[in-house]
Amino acid sequence: MGKMRAVQVSRPKGPFEIVERDIPEPGPGTVRVKVQACGVCHSDSIVKEGLLPLQYPRVPGHEVIGVIDAVGQGVHPWTAGQRVGVGWNGGYCGYCYTCRRGNSFACQTSTLVTGITSDGGYADYLIAPATALAAVPPTLAAADAAPLMCAGVTTFNCLRNSGAKPGELVAIMGLGGLGHLGVQYAAKMGFRTVGIARGNDKEEFARKLGATDYTDSEAHDPSEELQKLGGAKVILATVTAADAMKSVLGGLAINGTMMLVGAVPSLEISPIQLLLKSQAVKGWYSGISSDSEDTLAFSARSGVRSMNEVFPLERVDEAWERMTNGTVRFRAVLTTGN
Ligand SMILES: [Zn+2]
Ligand SMILES: [Zn+2]
């Protein structure tokens, strides 16, 4: 049996260990993916820090791009040699009540999360259920595509399900890993796109990404600024601070919706404000494999790209450090050389 490199965490708050493991065999309904690149995401701290009960040792990584190199029994239509991505959603049953109604993201029989409930992409190979696979367009390089499997699908899928129509005002709050993609998607989808961030030094960057307007939330009240533009049909809040979310809520238009993808423990909202203007605050789950596939295809065609810092697998500590201290511009990606 062949051997492979894997980056594992053996216990909560334990270090990354680069170990040699047997190359795993795909069981029924699964494929083996030879990993080319895997994004480093803040959610990987669930494994690193032990934020949820899970089985150790565990290989993190849910922004995986690679090539199928072995196919288990009963897998259709995937074949060896196809380029695929594997994201956060690690597959679903397809037959439960919610799956049959098109809501497989909330599958009732399986809660599979790549790199959490099974070993992920910080390795040369991983095993993934066929339902977790997204086709990767040939024009997208592996390292470019990896963050689109999480930050990309989250913002793309959120915006396309937000109810905003081309020409309507959409504000993207935060210009980090998610926000810099959110601005690009919003602009390419035809929304009048407003970037909101702290400081005026990010204005040029926001405009380069496709924003037609920019608000410095330190110098101005972002709610007032949005109201001057007529109010936002949708505000995509990518920040992880409740007070920042609250500061922009007043910028919604009549019937506007604030879409939350940043996880904050609690958020204070005035129901009166919402009901008088028929507004909504809605959470958004990222997406399943078909959503990721749409994200990759849209990105390849429209030129939306994640800006990444790329590290070979062996430099995982450095990638992790830059991601956790917030200095990475804008996503960290590990490559295997495969
Ligand atoms: Zn992620
Ligand atoms: Zn299901």
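Is Cys96 buried or exposed? Cys96 counts as buried, at 6% relative accessibility. The structure described here is a predicted model, and Cys96 is one of the residues that hold its zinc ion (ligand 2).

**The zinc site**

The angles among the four donor atoms run from 103 to 118 degrees, and the site is tetrahedral. Along the sequence, the donor residues follow the spacing C-x2-C-x2-C-x7-C. Cys96 sits in the loop between strand S5 (83-86) and helix H2 (97-100), whereas Cys107 sits in the loop between H2 and strand S6 (125-129), so this pair ties together parts that are eleven residues apart in sequence.

Cys107 also counts as buried, with a relative accessibility of 7%. The loop between H2 and S6 also holds Gly102. Gly102 is exposed, because its relative accessible area of 60% is over the 50% cut-off. From the C-alpha atom of Gly102 to that of Ala300 the separation is 26 Å, and the two residues are 198 apart along the chain.

| Residue | Relative accessibility | Class |
|---|---|---|
| Cys96 | 6% | buried |
| Cys107 | 7% | buried |
| Gly102 | 60% | exposed |

One of the bridge contacts links Lys34 to Val67 in S4.

**The cavity**

How many cavities of 30 Å³ or more are there? The count comes to one. The largest cavity holds about 40 Å³ of space. Its lining is made up of Gly87, Trp88, Asn89, Ala132, Met149, Val153, Gly287, Ile288, Ser289 and Ser292. Five of the lining residues are nonpolar and five are polar, with no charged residue among them.

Terms used. Residues numbered from 1 in each chain as written. Chains lettered and ligands numbered in written order. Predicted model: local features only at pLDDT ≥ 70, side-chain atom pairs only at ≥ 80, totals over all residues. Heavy atoms only, no water. Donors = N, O, S within 2.8 Å, 3.2 Å for Na, K, Ca; no water. Tetrahedral: all angles 85-135°; square planar, octahedral: opposite > 155°, others 65-115°. Helix = DSSP H or I, 4+ residues; strand = E, 2+ residues; numbered from the N terminus. Buried < 20%, exposed > 50% of the residue type's maximum accessible area, 1.4 Å probe, protein only. 1 Å grid on protein atoms, 1.4 Å probe; cavity = no way out; pocket = protein on both sides within 12 Å on 5 of 7 lines; lining within 4 Å. Points joined across faces, edges and corners; volume = space filled by probe spheres on them. Nonpolar A, V, L, I, M, F, W, Y, C, P; charged D, E, K, R; others polar. Pairing = 2+ DSSP bridges.
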